[in-house]
Amino acid sequence: MRKLASLFGLLVLTGLAAPALAGKTRNVVLIVSDGLRWQEVFQGADPLLLDAKVGGNWVADDDLKKRYWRATPQERRQVIFPFLWGTVARQGQIFGNRTEGSDAHVTNGKAFSYPGYNEMSVGYPNPAINSNEFGPNPDATVFEWLNAAPELAGHVAVYGTWQAYYDIFNQKRSHLIVQAGWTPPVKTGDASKDALFNRLYETTTRFDEEDVGNSFVQVGLLDYVRTAQPRVLFVGYGETDNWAHQGRYDLVLESAHRTDAFIKELWDTMQAMPQYRGTTTFIITADHGRGSGPVEWKEHGVEEKGSENVWIAVMGPDTAALGERKHVEAVTQAQIAATVAALMGKDYVKDVPEAAPPIKNVLGKGQ
Ligand SMILES: [Zn+2]
């Protein structure tokens, strides 16, 4: 009896110490739209870049404006991102509108891709990572850390357009399930589908050797979710960054719009499955921002001012529906790793003290 009483006391104490760790979330998906600026996310199409010359647009001005220009920033962002603003921002929270006193930024001081994916998934920046060709990540990501938990082992996966994810998530060491870049996808068991899919991988002209199109990843991802039912998932969509580097603002808007639709499709697919319904949290973000103005919008890094600024959206059963956050404490990219873990009921910082703490505003709804 005394033993039971003290055990009960311990449980109460543990509960008090970490209320955020006892939520309803059983599955977490971290989604990145590479290099998608906070400016488009909160303000919609940039009027400066709707000009054919400055924006490098092939779509005619009138047509592009018909698609993406509206009178207010609220209408403009809604037309590009109907799911992010119609669903995620209503049922969850979104940080990073600098014009409304909400700051979300990277702390790696580099503002390009590998340092960004490393920071968000490891929980702290590594100054040694100074190139996208850095090679295998010496640090373990929160995905590798979660995959070591017996109940999650084999249920943690990475799906993305960029070949470098094999190195960033150190697939050789972590043994995570990774499907990325132009690596041919694993067989689905449906022979005609596999043949078609392989043919497309083999015969499509490559935009570059490192990046497959978002639509290729989406097909394999939905199959994988339906059949393998992962608990923790990373999804990386690369097109928004690639089209900006090409100086094609019309295609930045188009791919941002399609990425929003892919995220909706993934959410709807998962919510239709009993394993995920009401127990799944999405975190949606970018690995870095970009410059602004008539030239610097195309690139990002220390040279392009403002590239450190990003945005972070969260929606799920443990996140209060506070919508677009205004005049709120700053959040950082480094906090994402511990937030993923906390949503899964785990204390990452206890094990990895260098990691930034979770974003407490998105945890422990109603507590
Ligand atoms: Zn880039």
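Contact here means heavy atoms within 4.5 Å. By that rule, glutamine 179 touches Val158, Tyr159, Gly160, Tyr166, Pro184, Pro185, Val186 and Tyr201, leaving out residues up to four places away in sequence. The model described in this report is a predicted one.

**Glutamine 179**

Glutamine 179 belongs to strand β5, which covers residues 177-180. Its relative accessible area is 10%, which is under 20%, so glutamine 179 counts as buried. A polar atom of the side chain of glutamine 179 lies 2.9 Å from the backbone oxygen of threonine 183.

**The zinc site**

The zinc ion is coordinated by Asp241 through two OD entries, by His245 through NE2 and by His300 through NE2, at 2.1 to 2.6 Å. Along the chain, these donors follow the spacing D-x3-H-x54-H. Histidine 245 lies in helix α13 (residues 239-245), while histidine 300 lies in the loop between α15 (293-296) and β8 (312-315), so the pair ties together parts that are 55 residues apart in sequence.

Why is the arrangement of the four donor atoms irregular? The angles they subtend around the zinc ion run from 53 to 145°, whereas a tetrahedral arrangement would need all angles between 85 and 135 degrees. The two histidines also fall into separate classes of accessibility: histidine 245 is partly exposed at 30%, and histidine 300 is buried at 14%.

**Accessibility of single residues**

| Residue | Relative accessible area | Class |
|---|---|---|
| Glutamine 179 | 10% | buried |
| Histidine 245 | 30% | partly exposed |
| Histidine 300 | 14% | buried |
| Proline 125 | 31% | partly exposed |
| Methionine 270 | 1% | buried |

Glycine 123 follows α7 and has a positive phi, near 105°.

Proline 125 is in the loop between α7 and α8 (142-147). The C-alpha atoms of proline 125 and proline 115 are separated by 6.8 Å, with the two residues 10 apart along the chain. Leaving out residues up to four places away in sequence, proline 125 touches Thr107, Asn108, Asn118 and Glu119.

How many cavities of 30 Å³ or more does a search of the whole structure find? The search finds two. The largest cavity has a volume of about 70 Å³. Its lining includes Ser33, Leu36, Phe81, Ala256, Ile284 and Trp311. The elements that give two or more residues to this lining are α6 (82-91) and α14 (249-271). The largest share, four residues, comes from α14.

Methionine 270 is also found in helix α14. Apart from neighbours within four places in sequence, methionine 270 is in contact with Val29, Val225, Tyr276, Arg277, Thr280 and Phe282. Methionine 270 and leucine 222 are 48 residues apart along the chain, and their C-alpha atoms are separated by 9.0 Å.

How values were computed: Residues numbered from 1 in each chain as written. Predicted model: local features only at pLDDT ≥ 70, side-chain atom pairs only at ≥ 80, totals over all residues. Heavy atoms only, no water. Donors = N, O, S within 2.8 Å, 3.2 Å for Na, K, Ca; no water. Tetrahedral: all angles 85-135°; square planar, octahedral: opposite > 155°, others 65-115°. Buried < 20%, exposed > 50% of the residue type's maximum accessible area, 1.4 Å probe, protein only. Polar contact = N/O pair within 3.5 Å; in protein donor to acceptor, adjacent residues only side chain to side chain. 1 Å grid on protein atoms, 1.4 Å probe; cavity = no way out; pocket = protein on both sides within 12 Å on 5 of 7 lines; lining within 4 Å. Points joined across faces, edges and corners; volume = space filled by probe spheres on them.
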